[in-house]
Amino acid sequence: MIKVDKVSKYFGGVKAVDGVSFEVEEQENLILLGTSGCGKTTTLKMINRLIEPTQGCIYIHGKNIMEQQPEILRRGIGYVLQNNGLFPHYTVAQNIAVVPNLLKWDKQKTEKRTAELMEKLHLDASYLNIYPNELSGGQQQRIGLARALVSDPPVLLMDEPFGALDNVTRSKIHAEFKALDELKRKTIIMVTHDVQEAFELGDRICLMDKGKIVQSGTPAQLLFNPVNDFVKDFLKHQRLQLEFKAIKLIDLWELLPELNKEAKASSFDAGTNLWEALESFKFNNGETINISKDQNQVKTVSFEQLMTAFYQYKNHQAHE
Amino acid sequence: MNEQQQTLWQFMQQQAGKLQEQTLQHIGLTFISLCIAVLVGLPLGILIVRKKQLSGIVLGIAGVLQTIPSIALLGFMIPLLGIGPKPAIVALLLYALLPIIRNTYTGILGVDAAVKEAAVAMGMSKWQILFKVELPLAMPVIFAGIRTATVINVGVATLASLIAAGGLGEFIFGGISLNNTNMILAGAIPSALLAVIFDLLLSMVQKVSFKKLKRVVYAFPVLLIVLCLFYIIPAKSEGKLTAGFTPEFMGRQDGDLGLRSKYGLKIHTIVISDAVMYKAAFEKHLDVISGYSTDGRLKAYDLVVLDDDKHIFPPYYAAPIVRDDVLKKFPDLEPTLNLLSGKINDSVMTVLNYRTDYLHQSPERVAKDFLVANKLWRPERGGNDGIVRIGSKIFGEQYILANMYSMLIKGYTDHEVSTKTGLGGTKICFDALTNNQIDFYPEYTGTGLLAILQASPEIINEVTVNKDSTYNYVQRQFESKYQIKWLKPIGFNNAYALMMRQQQARKLGIKTISNLKQFLDKK
Ligand SMILES: Nc1ncnc2c1ncn2[C@@H]1O[C@H](COP(=O)(O)OP(=O)(O)OP(=O)(O)O)[C@@H](O)[C@H]1O
Ligand SMILES: [Mg+2]
């Protein structure tokens, strides 16, 4: 879907990005992770040609982006900025309608789509006629997301979209983000320097340092098979939480006891990560959850059983 | 105070037609130049945002233009564009450019980088970004620039009257020359009001919310154009000859008013500053001007004085006028100042003026050369017996006289001298004298009679029949009214005169003002 091939960007003598290659699959969520100044933003902006690469090629749908007119290319790529970049002189509705107007949509279509998005993003329709500065940071960020999604572009680029939000708001938006069907269909490249966020939202992660990719892979690969000490050190902080987020219920499936389905318990798909499942326990005695795999297989497990399986899994990884 | 206000009010009512015309001209001048300045400055500002390497040069040039004194800038315009509205508008436009270019530039650069980046990333084109994002967001800053430019223009536009472009300056400068406070105020108050009103209106525009911005952006140009239409460009002469008269001359009985009443002279007339009038006549922008009979430029520009065959111009014999208390304090001052009396006639004064005004010799040198040639010069005695303060008006002849007096006092007495030259017009000089800021200055009998004493027409008719009766009258009046003494006349008569280019006058056979009238009356 997106292929970045040996791309470099030099600002004078500074090698902001230095020979980076990666691919993103259709509907995949790739995270560019790294410390400040390692070249994440520069890499991202080369994909919609806000920055022209010094070397290398980038392909979207197999087409070299350098061969397309930049305005046309950009209208097919959603872009969300850290401090939202909403137009302060436009109302919320006008802000969302920028791209539809560029695409010459008729008014009704734009209005209908706007209303749909406002609902999906839990935004009150009364906000449509006010100006961005009258909204909270979290609301503004959602409008920024709506603006990027309105024309339903297949690709979404996000540069620290939740960086400016407080922790509570951020985890709330994370949850909504994962639940949003609009986003499930999209190929997303997201920049962050927050490891937890990367593990929570990313299908795969490219860990960058000094303009180069140090390691790319699934969260679990980075966590359990780090290629060097840099990767290990980078993930050292709150490691247990990262492990919970990196491991999915399906990874533990074989290690969980066969137990019959219990009707009352809440139910999780096997694709869910362990962190989310553990978080749902309310610590009543004898509490269990249902895990369903491939729609027909179900296992009912308790908190202790999940933890036991987790340690077994880790042992297993360590000896592999 | 109350009486003063009343008379000002009466003056304004009496001159309502003129006042309205001048105000409209003033507004028109301000906004025509502003319009053009916006049309030029806005694109230039945008250009230097796009091409930053040009920004230094463009802002630099606009900045330098702004530092040129307005009178000088108007002066530069005359050889290029002549006189009248054209050079005035160009000069105003040049002043208005800097704030508009600079604010457009900083306004656009000041737009939040994240907003611009979002616009680019959504696929807007350069022009779409300019018109939909950059300009609207820079608008408050740009309006601030337009506001500054407007206030500057309302002020500078008063000077437009000096080069025959009309406006409220006609009253202001006429009033200063004529020592007529009401006339000054009739020009100054409306122009100050205009500045305040436009400043206020534009500050409201500047603070307008984004919601109303669109309406303002459309309404503003329309309003500008309407305001421009106020300027009914002074109609170009249909007659054969064009006259240029100073604002002072226009308002005087012994000026334009007398020309009309006594000679019945009807000539297309524009108002212009004395500083540029002679040159404009020389360059054929004007045919007849009101000048001074001893002006050095008469010689420099080859002009001739038309004979005042009906004697409307009263005598203007120059003499030092001194406060009585000064003469008492410095008893040797009077004989020293009188050393010059009878020594300088019209043609001598014209040559002296020619040397300073046209050959640009220093008044000091011209004064010394004259004193030495007439065996009046003595080396300084270097005494320290009190300071005598000499004043002078703001033109060459007065500088020369002030220098001569200074040298005489230093050579013949033990007093020190301080000179306060360039005290503007008659009013400023005379007020300085009565308020004990200077001790004496050279004044002219006619000015004393008309501008300072403001004698009634009957008295004027009575005393201007010859130079002595004028001198005697002002001497008596000044003594009793102000305790100021007129010393002996210096000898020359710097009277008003109508003048034309020598060549043209000869060709048309015009020697007297009556000849001129006859020529104009011929169909
Ligand atoms: N326009 C530019 N001109 C010069 N140097 C730049 C420019 N943009 C970025 N750089 C440099 O390139 C390097 C990478 O910058 P980049 O913005 O990609 O970092 P980042 O990983 O996004 O960092 P952060 O997490 O702080 O946003 C930095 O050293 C930065 O100083
Ligand atoms: Mg960045």
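What share of the contacts in chain B with a separation of 6 or more is accounted for by residues 24 or more positions apart? I looked this up first. The share is 79%, where contact means heavy atoms within 4.5 Å.

**Ground rules.** I am working on a predicted model, in which local features need pLDDT of at least 70, side-chain atom pairs count only at pLDDT 80 or more, and totals for chains, interfaces and linings use all residues. Residues are numbered from 1 along each chain as its sequence is written, chains are lettered from A and ligands numbered from 1 in the order in which they are written, and side-chain values use heavy atoms, with hydrogens and water left out.

**Chain B overall.** I find 25 helices and 10 strands in chain B. These are DSSP runs numbered from the N terminus: helices are H or I with at least four residues, strands are E with at least two. The C-alpha trace spans about 90 × 65 × 50 Å along its principal axes. Of the 523 residues, 55% count as buried. Buried means under 20% relative accessible area, exposed over 50%, partly exposed in between (1.4 Å probe, protein chains only). I note an accessible surface of about 23100 Å² for chain B, 59% of it from carbon and sulfur atoms. Such areas come from the Shrake-Rupley method with a 1.4 Å probe; for residues, only the protein chains shown count as cover.

**Helix H12(B).** I went to residues 253-263 of chain B. The buried ones are B:Asp254, B:Gly255, B:Asp256, B:Gly258, B:Leu259 and B:Tyr263. They pack against elements of chain B including strand E1 (242-245), helix H21 (445-452) and helix H25 (513-521). Just after H12(B), B:Gly264 has a positive phi of about 70 degrees.

**Helix H9(B).** I placed B:Ile197 in helix H9 of chain B, residues 181-206. B:Ile197 counts as partly exposed because its relative accessibility is 42%.

**Ligand 1.** I turned to chain A. Residues surrounding ligand 1 include A:Phe11, A:Ser36, A:Cys38, A:Thr41 and A:Glu160; the cut-off is a heavy atom within 4 Å. Helix H1 of chain A (residues 40-47) gives the most to this shell, with 3 residues. I then listed polar contacts, pairs of N or O atoms within 3.5 Å; within protein, one must be able to donate a hydrogen and the other to accept it, and residues adjacent in sequence count only if both atoms are side-chain atoms.

- A backbone N or O atom of A:Gly39 lies 3.0 Å from a ligand 1 oxygen.
- For A:Lys40, a side-chain N or O atom is 2.9 Å from a ligand 1 oxygen.
- For A:Thr42, a side-chain N or O atom is 2.5 Å from a ligand 1 oxygen.

Taken alone, ligand 1 exposes 630 Å², and the protein buries 58% of that.
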